[in-house]
Amino acid sequence: MKLAVPTEVRPGEQRVALVPSELARLPGVEVLVQRGAGDRALFPDHDYEEAGATVVERPEELYRQADMVAKVQPLTLAEADLMPEGASSLSFLAPSAHLDLVRRLADRKVTAYSFELVPRISRAQAMDALSSQATVAGYRAVLVAASRLGKFFPLFMTAAGTVPPARTLIMGAGVAGLQAIATARRLGAVVSAYDVRAAAKEEVKSLGATFLELSLEAQEGAGGYAVAQSEDFLARQQELISSHVARSDVVITTAAIPGRRAPVLVTEAMVRGMHPGSVIVDLAASTGGNCELTKDGEEVSFNGVHIIAASELAATMPTHASSFFARNVSSFVKLLVKDGRLAPDFNDEIVDKSAVTVAGSVHHEPTRTALEEAQS
Ligand code: NAI
């Protein structure tokens, strides 16, 4: 089985789907890497060659030989057209946002696996790229905020004066939020956090942050995920949290509902209540933003408050983000390969649930329904 690793083509994407050290975990798999694919993540071609990979010059040549292609970002339509008929792909795919791509992959009889769909069961933890990249993003969000803020994070008592620690509020205490809490604490900030899931309270407290007790009912659904919240709930949440936002030097928002638009947690009126120079880092920017004023891909200033849209933060820390991602890739590939051949077992819940298309048909039911609705 030949596993191909192309250079990512999306502007700003610096990660690579497989790093040289992971090749040892894939005996029987022949790895082909496009020349320069790992350069931006500091994995040079010769390291791949030393680990046993073959470096291929051109993407056309790479894709032509592939039984499976591993990428970070969803394939572009042009890349999908390079996929050999019947081959497989593994990447983030966000199928509901890429219906044209799904149709194209099905037309080309590609079996496409999407990291967003890997079930969050214990056995799949090593394949959980959403979590591995959220860990990077949560850490990075704090560094972005700290470097934008014109104040210290830690308390300082010096001969030149005393400054209080920065007040940091984390909204959404999932994987990224918990990592942001831990990082902000290490930098010496005073940290508080809020999440709609009841279980988040203990996790927040165990990291030494204060959990905001708002008199709101928990919004937890199947599998421990947040459920979509009503307008009324969000309005009450906004009201109860606005005084905490106003007091904060830094607000980091990470709140998401799988497959839905991100809930609005910070309104324009709440931003007006913040001190000039405060910073909001919105990790939910690409799914609509948790702050009403967020503009995806941009930094905006409003009344002196900096609102930073930060949906692709993991791509800005490519070395370790790629190492984590590569472990997710190798773990998933190991699940599909038997005796050096691709042999996916669709009775395995991980394989079954992660597949968007299988050899010409759209396997993932919600995506199939979305495609049918888009056609009618
Ligand atoms: P996510 O990225 O979908 O959402 C981030 C956070 O936003 C969640 O904690 C969610 O509850 C919160 N949120 C949603 N609406 C909100 C609102 N209005 N106000 C405040 N917070 C709001 O979530 P993520 O980080 O992917 O993980 C969520 C859950 O999945 C957690 O329970 C986590 O422990 C669990 N998980 C389980 C894994 C496993 O068992 N293998 C692996 C990773 C996560």
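Met 83 is placed in the loop between α3 (77-82) and β5. The coordinates belong to a predicted model. With a relative accessible area of 0%, Met 83 is buried. Apart from residues up to four places away in sequence, Met 83 touches Tyr 63, Val 69, Leu 75, Ser 88, Ser 89, Arg 108 and Val 110. Ala 269 is 186 residues from Met 83 in sequence, and their C-alpha atoms are 49 Å apart in space.

One of the contacts of Met 83 is Ser 89, a residue of strand β5 (residues 88-91). The relative accessibility of Ser 89 is 1%, so this residue counts as buried. When residues up to four places away in sequence are left out, Ser 89 is in contact with Met 68, Val 69, Leu 75, Met 83, Val 110, Thr 111, Ala 112 and Tyr 113. Val 69, Leu 75 and Val 110 are among the residues that touch Ser 89, and they are also among those that touch Met 83.

Lys 109 lies in the loop between α4 (99-107) and β6 (111-114). Although Lys 109 is not a glycine, its phi is positive, at about 60°. Lys 109 has a relative accessible area of 41% and is therefore partly exposed. A positive phi, of about 50°, is also found at Asp 339, again not a glycine. Asp 339 belongs to the loop between β16 (337-338) and β17. The relative accessible area of Asp 339 is 81%, which makes this residue exposed.

Strand β17 (residues 341-342) contains Arg 341. At 62% relative accessibility, Arg 341 is classed as exposed. Its contacts, not counting residues up to four places away in sequence, are Met 1 and Leu 336. Between Arg 341 and Val 29 the C-alpha to C-alpha distance is 8.1 Å, with a separation of 312 residues in sequence.

Thr 7 is located in the loop between β1 (2-5) and β2 (30-34). A relative accessibility of 17% places Thr 7 in the buried class, since the limit for that class is under 20%. Thr 7 touches Gln 34, Arg 35, Gly 36, Ala 37, Arg 40 and Glu 79, with residues up to four places away in sequence not counted.

The domain assignment divides the protein chain into domain 1 (2-127 + 318-375) and domain 2 (137-311). Taken over C-alpha atoms, the centres of domain 1 and domain 2 are separated by 33 Å.

The largest nonpolar core comprises 56 residues. Tyr 194, Val 266, Ile 280 and Val 281 are the residues with the most contacts inside this core. For Tyr 194, the contacts beyond four places in sequence are Ile 170, Met 171, Gly 172, Ala 173, Phe 211, Leu 212, Leu 214, Leu 216, Phe 233, Gln 237 and Ile 241. Another core, of 40 residues, lies apart from the largest one and includes Ala 41, Phe 43, Met 127 and Val 358.

The second largest pocket holds about 200 Å³ of space. Its lining consists of Ala 228, Gln 229, Glu 231, Leu 234, Ala 235, Gln 238, Ile 257, Arg 260, Arg 261, Ala 262, Pro 263 and Val 264. Divided by class, the lining of this pocket has 7 nonpolar, 2 polar and 3 charged residues. Glu 231, Arg 260 and Arg 261 are among the lining residues.

Val 227 is situated in the loop between β11 (210-211) and α8 (231-247). Its relative accessible area is 33%, and Val 227 is therefore partly exposed. Leaving out residues up to four places away in sequence, Val 227 touches Gln 219, Glu 220, Gly 221 and Ile 257. Of these contacts, Ile 257 is also one of the residues that line the second largest pocket. Arg 197 and Val 227 are 30 residues apart in sequence, and their C-alpha atoms are 9.2 Å apart in space.

Definitions and conventions: Residues numbered from 1 in each chain as written. Predicted model: local features only at pLDDT ≥ 70, side-chain atom pairs only at ≥ 80, totals over all residues. Heavy atoms only, no water. Core = buried A, V, L, I, M, F, W, Y, C linked by side-chain atoms within 4.5 Å. Buried < 20%, exposed > 50% of the residue type's maximum accessible area, 1.4 Å probe, protein only. Contact = heavy atoms within 4.5 Å. Domains from an automatic or database assignment. 1 Å grid on protein atoms, 1.4 Å probe; cavity = no way out; pocket = protein on both sides within 12 Å on 5 of 7 lines; lining within 4 Å. Points joined across faces, edges and corners; volume = space filled by probe spheres on them. Nonpolar A, V, L, I, M, F, W, Y, C, P; charged D, E, K, R; others polar. Helix = DSSP H or I, 4+ residues; strand = E, 2+ residues; numbered from the N terminus.
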